[in-house]
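Opening the notebook on a new model today.

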There are 2 protein chains.
Amino acid sequence: MNVGTEWLIDAFGCQAESLRDTDLLKSVCERIIHDLDLRVVGEPLWHKFAGAGGVTAIFLLTESHLSFHTYPEVGTATFNLYCCRERPRWEWEENLQASIGARQVTVREILRGQTAIDDTVALNSIIRIESEREGREL
Amino acid sequence: MNVGTEWLIDAFGCQAESLRDTDLLKSVCERIIHDLDLRVVGEPLWHKFAGAGGVTAIFLLTESHLSFHTYPEVGTATFNLYCCRERPRWEWEENLQASIGARQVTVREILRGQTAIDDTVALNSIIRIESEREGREL
């Protein structure tokens, strides 16, 4: 029996400074929560790693959880959104391009709680976002 | 570039009372953290849903995060363990059978942060645990 859907999102080629910007990352999470009408339980956990390190945050939701980890040194951010209530798919590609400058985004959608799982891992999309900023390398 | 390994574990046929037992579930998480030498950052988030509902917990780790959700009504528990530091694979099958009575456990291992992801979803194992308790149905 399916008990929820989990999206695993990996965003590449992001702006390093955005991946250390707690306020910016907060606004991304707030938008996800708002757009999908998610309900946060308690205080989210946030941690900013020292020096040039990234940021981690975890939200416990009535619907399950939202988390992310950023790796400024390689321009990568990874998100997990686990929902036990049916929710539409967020526009990760467009939104992460606009907010943290992602140039490539992969979204994997995985059904949780199914005993027959060989058909439950679906690669939803891999899109390559053509950068308009010349000279920037992935 | 690989930035971490995430294990997605779905356990089926668990004892409903175990999936509502916060102390028992705490001891399972403590064992995972101890066995894999993980480091918890801040206070973990816990939530017990009302009535016959399940339990959710999330640990922010130096290594990334550990979370679980239980669904006593269908005997299911799902765990996520995301580690950006190389860690051995925990013995989910044996440990979840012994602790929460799981009769079937699936473990998926997913590499995070790789742009070529079609080969990064590996179904590590599906094992069926033969119950010694007669008359118990999955």
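This is a predicted model: local features need pLDDT of at least 70, side-chain atom pairs count only at pLDDT 80 or more; totals for chains, interfaces and linings use all residues.

Below are my entries, in the order I looked things up.

**Entry 1: helix length.** I started with helix H1 of chain B, residues 22-35. At 1.5 Å a residue, its 14 residues should span 20 Å, and the end C-alpha atoms are 20 Å apart, so the two agree.

**Entry 2: which residues of H1(B) are buried?** I found B:Leu25, B:Val28 and B:Cys29. Looking down the axis of H1(B), I get an arc of 95 degrees that holds the buried residues, so they line one face of the helix.

Entry 3: Turned away from the buried side of H1(B), I see the exposed residues B:Asp23, B:Ser27, B:Glu30 and B:His34. I also checked what covers the buried residues: the list includes strands S3 (55-61) and S4 (64-71) and helix H2 (92-100), which belong to chain B.

**Entry 4: past the helix end.** Just after H1(B), I noted a positive phi of about 55 degrees at B:Asp37.

**Entry 5: the contact between the chains.** I get 32 residues from chain A and 32 residues from chain B. On the chain A side, the strands that each supply at least two residues include S1 (4-12), S5 (76-83) and S7 (121-128). S4(A) gives the largest share, five residues. Sorting that side of chain A by class, I have 15 nonpolar, 14 polar and three charged residues.

How values were computed. Residues are numbered from 1 along each chain as its sequence is written. Chains are lettered from A and ligands numbered from 1 in the order in which they are written. Helices (H or I, at least four residues) and strands (E, at least two) are DSSP runs, numbered from the N terminus. The expected span of a helix is 1.5 Å times one less than its number of residues. A residue is buried if 20 or more other C-beta atoms lie within 10 Å of its own, exposed if 12 or fewer, and partly exposed in between; C-beta atoms are placed from the backbone. The arc is that of the directions from the helix axis to the C-beta atoms. Two residues are in contact if their C-beta atoms, placed from the backbone, lie within 7 Å. Ala, Val, Leu, Ile, Met, Phe, Trp, Tyr, Cys and Pro count as nonpolar, Asp, Glu, Lys and Arg as charged, and the others, Gly among them, as polar.
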